[in-house]
Amino acid sequence: LFRKIFIHEQNSVLGTANKIGAFFATKIFTSYELNISRELHLGHPVRQGFNNLNYSKVLDKDHILVLGGSQGAHFFNNIISNLIEKSNLSLKTYFQIGLDSQKESSKNVEYVRFIENIEERMSKAKFIICRSGASTVAEVQTMGLPAIFIPLGTAKDDHQRINAKIFENNKAAIVVEETKT
């Protein structure tokens with residue numbers, strides 16, 4: 001025992017395990033400034049492919065991108081997809097529905113179960129509609145991609161809403177609260 005303990009909090013709120021670990025930690029690395037003792041704010045790591053992409057440098061924006069997230073697929077696949085289908089948008093929508101779902105593509109909406117080349121797909125999107133988990137927000141922020149965040153309402157400690165609100169307050173995103181209909 002008696003080892004130094006280092007923890008990393010990826011969200012805008014300390015998670016339960018990190019709240020406990022913080023008492024014993026030598027250093028707490030954070031993605032968001034939390035203003036806690038022993039904090040070292042470094043930001044959130046992103047996949048290598050995102051570091052070389054910049055929204056303003058890719059001129060050919062040919063679609064809207066929708067990502068439901070691992071726990072948000074039901075709301076996105078039913079409510080958001082219906083809204084997009086009924087909107088009759090002139091811009092194509094590329095919509096990730098998740099591995100456990102199937103949906104018939106239409107003229108303006110292409111449904112896919114999983115996106116292998118997410119960096120490329122995001123770089124060519126006019127904007128993204130997605131959840132606001134730590135990794136997604138970090139990747140969107142790294143690229144400078146305009147976003148509509150729909151936080152997962154059941155997220156522990158409401159971290160997704162708080163993650164998203166930070167960007168909304170800095171005029172970097174729009175936050176839409178999920179409602180049950």
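The following legends describe close-up views of a predicted model.

In this predicted model, local features need pLDDT of at least 70 and side-chain atom pairs count only at pLDDT 80 or more, whereas totals for chains, interfaces and linings use all residues. Residues are numbered from 1 along each chain as its sequence is written, and side-chain values use heavy atoms, with hydrogens and water left out.

**View 1. An open sheet of three strands in the order S1-S2-S3, with parallel pairing.** Strands (E, at least two residues) and helices (H or I, at least four residues) are DSSP runs numbered from the N terminus, and two strands pair if DSSP finds at least two bridges between them. Strand S1 (6-9) and strand S3 (39-41) stand at the edges with a single partner strand each, so one side of each has no neighbour in the sheet. Neighbouring strands are turned against each other by 25° on average, direction ignored, the axes being lines fitted to C-alpha atoms, with angles from 0 to 180 degrees between N-to-C directions. S1 pairs with strand S2 (residues 27-30) in the parallel sense over four bridges, and Phe-6 stands opposite Lys-27 in S2.

View 2. Apart from neighbours within four places in sequence, Thr-93 is in contact with Ile-64, Val-66, Ile-84, Asn-108, Val-109 and Glu-110, where contact means heavy atoms within 4.5 Å.

**View 3. The largest nonpolar core, which has 25 residues.** A nonpolar core is a set of buried Ala, Val, Leu, Ile, Met, Phe, Trp, Tyr and Cys residues joined through side-chain atoms within 4.5 Å. Among the elements that each supply at least two residues of this core are strand S4 (63-67), helix H3 (118-123) and strand S7 (125-130). Met-122 is one of the residues with the most contacts inside the core; leaving aside neighbours within four places in sequence, Met-122 is in contact with Phe-50, Leu-65, Ile-128, Glu-139, Val-140, Met-143 and Leu-145. A second, separate core of twelve residues includes Ile-64, Val-66, Phe-75 and Tyr-111.

**View 4. The buried residues of helix H5, namely His-159, Gln-160, Asn-163, Ala-164 and Phe-167.** Seen down the axis of H5, these residues fall within an arc of 130° (taken from the directions from the helix axis to the C-beta atoms), so they line one face of the helix. They pack against H4, S8 and S9, and H5 is followed by Lys-171, whose phi is positive, near 60°.

Terms used: Buried means under 20% relative accessible area, exposed over 50%, partly exposed in between (1.4 Å probe, protein chains only).
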